[in-house]
Amino acid sequence: MSSYRIAVIPGDGIGPEVIEATLHVLDALQDVSKGLKMEYVKVEAGDGALRRYGKALPEDTLKVILEESVACLKGPVGESAADVIVKLRLLLDLYANVRPFKAYPGIPCLRPDIDFVIVRENTEDVYKGWEFEVVPGEAAVCLRPITMKGSRRIAEYAFKMAEQRSGKRRVTAVHKANVMRLTCGLFAKACREVASRYPSVSFDEMYVDACAMQLIRRPHEFDVIVTTNMFGDILSDEAAALVGGLGIAPAANIGERYALFEPVHGSAPKYAGKGIANPCSTILAAKLMLEWLGEAEAARKLELAVTEALKEGLALTPDLGGSSGTMDLARDIARRLKEV
Ligand code: GGG
C-alpha cells in the first residue's frame, strides 16, 4: 500500500475553497484506488499567516514541508506570494515549473488541438528578488542572475519531457538574446548545447515577443516551451487564456527530492467566500502530484473524471459559462471517479 503525507497550504482568497474542493475529490479518488492513501497536513502560509504570526511562511509550516511530508499541495496566496512560493522554490530548489496547457472538450478555447507544456526555470532571473534602491523613492535596480548550470538543467528537463510526451517531440527555447545578450545569450547557448544531445527531439528558438504572438496564431504547433522564470510566468497566463482561462491551468514545481503543486491562478480576492471559484486548476495540480508520486493510474482516473465533467458540463462554474458552485463541480468530478 502506498501512503503519502502531503502538506496542504489552503492559502488566501479563493485558496481555501479550491483546496477544500480538491481534497473532496482526492478523498473520492482514494475510495476507488486500491491501496492509495493520502494523509493531509494542513499548514498556514500567505497573507493570513502574515497577519496572524507576522510571517507569511511560519517556521511550523516550513518544518512540515521540509521534514514531515513528501510533497505539498498549495492554494494561491495573495500579496505575500514572493515570501511564500518564490521563497519555497528557492529554499527547496524546485527548479522546474511545469505548466501543461490542454484544450478540454466542452470548454471554450482558441483551438481544440492545443496541447503543450511550458517548462519555466524557477530559481533564477529577476524573480530571485535581488532588487535594490539606488536613489530612495526615485530609482531602483533589479538583478537578473542567469547561470549556465541553471539553464542546462532546465533545458535537460524540457528535452526529457519532450522525449516522454506523446507529442510532437519538439522543444522551443524562448528568450530575448538579441537584446539581453549576456543573460538570455547564456540561456540560449545552454539550450543549444543540450539540444545537440537529443537528436530525436526537434529544436527551435523564438524571441519572447514573437512567442507571445505565435501562441495566438499557431498555438497547436508548440509541444514543449522552455524559458526563463519571468517570461514563463507571463506566457503562462497567456497560454491559460487559450484553453479556457486560469481556472483550468495547473502547475508543478519540481526539485530533485521534493515537489509542490499549485494552481497557476492567483488568490482572486474579489471572488473569495462566494463559492464560485473554479477548482479544476487545483484538482489538475493534484493530478500532476499523483503522477510525480508514481501513481499513474490514479492520475489518469482523476484527469478522465475532470474531462468528463467538463465535457458534459452539468456543474460548470461561472468562468466556464455555467452557474454552479465550486463544490458542485467538485462533487460532479468525485461522482464520476466511480465510473471511469
Ligand atoms: N496571474 C496569475 C497569478 O496571480 N499567479 C500567482 C503568482 O503570481 N504566482 C507567482 C509565480 O508563479 O511566480
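Met-148, Ser-151, Arg-152, Ile-154, Ala-155, Glu-156 and Phe-159 of helix H5 touch Leu-186, Phe-187, Lys-189, Ala-190, Cys-191, Glu-193, Val-194 and Ala-195 of helix H6. By residue class, this H5 and H6 contact holds ten nonpolar, one polar and four charged residues. Please keep in mind as you read that this is a predicted model.

**Helix pairs**

Let us stay with H5 and H6 for a moment. H5 covers residues 148-164 and H6 covers residues 183-195; the angle between them is about 45°, and their axes lie 8 Å apart. Because of that angle, H5 is oblique to H6. The crossing of H5 with H6 is right-handed.

Two further helix pairs can be described in the same way. In general, the angle between the axes and the distance between the axes describe two packed helices. Here are the values for each pair:

| Helix pair | Angle between axes | Distance between axes |
|---|---|---|
| H5 and H6 | about 45° | 8 Å |
| H10 and H11 | about 125° | 8 Å |
| H1 and H11 | about 10° | 9 Å |

H10 spans residues 296-312, and H11 spans residues 326-337. With their angle of about 125°, H10 and H11 are therefore oblique to each other. Their crossing is right-handed. On the H10 side, the contact involves Lys-301, Leu-302, Ala-305, Val-306, Glu-308, Ala-309 and Glu-312, while H11 brings Leu-329, Asp-332, Ile-333, Arg-336 and Leu-337. Seven of the residues in the contact of H10 with H11 are nonpolar, none is polar and five are charged.

H11 also packs against H1, at an angle of about 10°. How are H1 and H11 oriented to each other? They are roughly parallel, because angles under 35 degrees count as such. H1 and H11 cross in a right-handed sense. From H1, the contact draws on Glu-17, Val-18, Glu-20, Ala-21, His-24, Val-25, Ala-28, Leu-29 and Val-32; from H11, on Thr-326, Met-327, Ala-330, Arg-331, Ile-333, Ala-334 and Leu-337. Eleven residues of the contact of H1 with H11 are nonpolar, two are polar and three are charged.

Now for the strands. Ten of them make up an open sheet with mixed pairing, in the order S2-S1-S3-S12-S11-S4-S5-S10-S8-S9. Which strands lie at the edges? They are S2 and S9 (202-207), each of which pairs on one side only. Direction ignored, neighbouring strands of this sheet are turned against each other by 25° on average.

Take the S2 end of the order to begin with. S1 (residues 2-9) and S2 (residues 36-42) run parallel and are joined by seven bridges. In this pair, Ser-3 has Lys-37 of S2 as its bridge partner. Between S1 and S2, the chain passes through H1 (residues 15-32), giving a right-handed β-α-β crossover.

Further along the order, S3 (residues 71-74) pairs with S12 (residues 259-263) in the parallel sense, over two bridges. Leu-73 faces Phe-261 of S12. H8 (residues 229-242) touches S4 (96-102), S5 (115-121), S8 (170-175) and S10 (224-227), and its direction makes about 160° with that of S5. H9 (residues 280-293) touches S1, S2, S3, S4, S11 (250-254) and S12, and its direction makes about 160° with that of S12.

At the S9 end, S8 and S9 run parallel, with six bridges joining them. His-175 stands opposite Tyr-207 of S9. The chain goes from S8 through H6 to S9, and this β-α-β crossover is right-handed.

Key
Residues are numbered from 1 along each chain as its sequence is written. This is a predicted model: local features need pLDDT of at least 70, side-chain atom pairs count only at pLDDT 80 or more; totals for chains, interfaces and linings use all residues. Side-chain values use heavy atoms; hydrogens and water are left out. Two strands pair if DSSP finds at least two bridges between them. Helices (H or I, at least four residues) and strands (E, at least two) are DSSP runs, numbered from the N terminus. A crossover is right-handed if, with the strands pointing away from the viewer, the path from the first strand over the helix to the second runs clockwise. Axes are lines fitted to C-alpha atoms, for helices over the stretch in contact, and angles run from 0 to 180 degrees between N-to-C directions. Angles under 35 degrees count as roughly parallel, over 145 as roughly antiparallel, 65 to 115 as roughly perpendicular and the rest as oblique. A crossing is left-handed if the near helix is turned anticlockwise from the far one by less than a right angle, and right-handed if clockwise. Contact means heavy atoms within 4.5 Å. Ala, Val, Leu, Ile, Met, Phe, Trp, Tyr, Cys and Pro count as nonpolar, Asp, Glu, Lys and Arg as charged, and the others, Gly among them, as polar.
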